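Here's a quick look at one protein chain, from the overall fold down to a single side chain. Have the structure open while you read.

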Amino acid sequence: MSASARDRIEVVVGDITRESTDAIVNAANNELGPGGGVAGAIQRAAGPRLLEACEPLGGCETGDAKATEGFDLPARWVIHTVGPVWHGGDADEESLLASCYRRSLEVAVEIGAASVSFPAISTGIFGFPPNRAAPIAVGTVAEVLHETDAIETVRFVCFDEDSAALHRDALDKLA
Ligand code: AR6
């Protein structure tokens with residue numbers, strides 16, 4: 001058992017492309033191809049080598065994660081994960097979202113990334129209700145941090161104050 005998982009989780013408002021954690025997580029699509037939202041911002045900031053590095057990976061299943069270098073980003077690595085599209089809640093969306101956070105941290109351990117920044121996966125273009133996503137994000141990360149010492153810090157880098165408030169609230173409610 002590691003030091004308190006809660007003490008290793010931070011919630012900030014910001015632009016994830018500016019993060020200097022070892023890895024940042026990208027809310028990608030199944031093709032690991034060009035995207036909008038946070039994926040578009042990451043692709044612009046990392047430079048064209050990022051999409052070139054994604055090509056040989058053969059896409060990514062929903063709920064899974066794969067890593068590339070970060071190229072022109074401050075972060076050394078980008079962990080690409082694919083969140084579920086929200087279909088109303090009966091299509092396994094919650095467990096697929098939890099899987100994104102768990103798999104991203106498993107990949108972080110594999111590549112030796114000790115600090116990881118997450119965006120609020122699926123809560124933009126993919127339509128997952130932010131108030132339902134935040135407790136899943138925070139709860140899953142806390143669970144994984146309880147299981148491993150290899151990850152020192154996880155930052156939730158929220159794009160607006162409303163999203164940050166939901167993540168802080170979920171953190172406060174952790175057992
Ligand atoms: N830093 C941090 N968070 C951000 C940033 C940023 N620079 N930009 C947006 N967000 P989204 P999804 C927030 O739509 O719902 C792409 O086209 C945003 O406010 O980026 O998982 C992919 O290729 C929201 O809270 O991701 C996929 O096709 C959160 O990031 C699809 O969109 C996620 O919004 C994925 O959709």
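## A cut-off to start with

One bit of bookkeeping first: a residue counts as buried under 20% relative accessible area, as exposed over 50%, and as partly exposed in between. Keep in mind too that this is a predicted model.

## Overall fold

The protein chain has five helices and six strands. Going along the sequence, they come in the order β-β-α-α-β-β-α-β-α-β-α. The radius of gyration is 15 Å, close to the 16 Å that the globule rule gives for 175 residues, so the chain is as compact as a globular protein of that length. The C-alpha trace spans about 40 × 35 × 25 Å along its principal axes.

Take the contacts between residues at least 6 apart in sequence: 69% of them join residues at least 24 apart.

Of the 175 residues, 47% are buried. The accessible surface comes to about 8,100 Å², and carbon and sulfur atoms account for 49% of that.

As for charge, there are 13 positive and 27 negative side chains. The centres of those two sets lie 3 Å apart.

## Zooming in on Phe71

Phe71 sits in the loop between β3 (65-69) and β4 (77-81). Is Phe71 buried, exposed or partly exposed? Its relative accessibility is 23%, so Phe71 counts as partly exposed.

Leaving out residues up to four places away in sequence, Phe71 touches Ala46, Arg49, Leu50 and Ala53. Ala53 is 18 residues from Phe71 along the chain, and their C-alpha atoms are separated by 9.7 Å.

Note on methods: Residues are numbered from 1 along each chain as its sequence is written. This is a predicted model: local features need pLDDT of at least 70, side-chain atom pairs count only at pLDDT 80 or more; totals for chains, interfaces and linings use all residues. Side-chain values use heavy atoms; hydrogens and water are left out. Helices (H or I, at least four residues) and strands (E, at least two) are DSSP runs, numbered from the N terminus. The radius of gyration is taken over C-alpha atoms; the globule rule is 2.2 Å times the number of residues to the power 0.38. Buried means under 20% relative accessible area, exposed over 50%, partly exposed in between (1.4 Å probe, protein chains only). Contact means heavy atoms within 4.5 Å. Accessible areas come from the Shrake-Rupley method with a 1.4 Å probe; for residues, only the protein chains shown count as cover. Lys and Arg count as positive and Asp and Glu as negative; His and the chain ends are not counted. The place of a charge is taken as NZ of Lys, CZ of Arg, CG of Asp or CD of Glu.
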